[in-house]
Amino acid sequence: AVMENRACSAHTCPSKPCKVTDWLEWSPCNHGHSQQYRERKVMQPPVGHGQACPTILSETRGCPKVELTDCLLTHWTTWSTCSRTCMGGQSFRSRHLDMDGTFSNACGSIAVKETTSCNAGLCASGPDAML
């Protein structure tokens, strides 16, 4: 993006707030997807001393779980470490089909990985502020 700077007095500089779109619809939870996402976009960056843009422009969430009684699954693992320390990361956990048990072909539609959003806050300043 090209930026232009010019000197002006506080009374003559225009000031406009950031404008963002509404959130788009959540992505579908089709077969094989363990999470959904949605986003919004910056339509107009702030001008002058206008209100800053929101820091969160995308979100993720896990898809609803489908449980079937004829599928034997291992227990969920513990949640993984968040992928980012700030500005929105993801953590996941997983489970597996128990191959020693009996299960039908319907087991393929069961969620074996869940993802959740984490550490959505702003980053602190410094070289180690964000992974």
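I took a disulfide to be a pair of cysteine sulfur atoms within 2.5 Å. The model is predicted, so I noted that local features need pLDDT of at least 70 and side-chain atom pairs pLDDT 80 or more, while totals for chains, interfaces and linings use all residues. Residues are numbered from 1 along each chain as its sequence is written, and side-chain values use heavy atoms, without hydrogens and water.

**Disulfides.** I counted three disulfides by this rule.

I looked up C82 and found it joined to C118, S to S 1.9 Å. This pair links distant parts of the chain, with C82 in the loop between β4 and β5 (89–94) and C118 in strand β6, 36 residues apart. Strands here are DSSP runs of E, at least two residues, numbered from the N terminus. I recorded both C82 and C118 as buried, meaning under 20% relative accessible area; exposed means over 50% and partly exposed in between (1.4 Å probe, protein chains only).

I next found C86 joined to C123, S to S 1.8 Å. C86 is buried at 3% relative accessible area, whereas C123 counts as partly exposed at 28%.

I then noted a disulfide from C18 to C53, S to S 1.9 Å. Its torsion is about 100 degrees, so it is right-handed.

**E114.** I located E114 in strand β6 (residues 113–118). E114 counts as buried because its relative accessibility is 7%. I found its side chain in polar contact with the side chain of R93 at 2.6 Å; such a contact is a pair of N or O atoms within 3.5 Å, within protein one able to donate a hydrogen and the other to accept it, and residues adjacent in sequence count only if both atoms are side-chain atoms.

Note on methods:
Helices (H or I, at least four residues) and strands (E, at least two) are DSSP runs, numbered from the N terminus.
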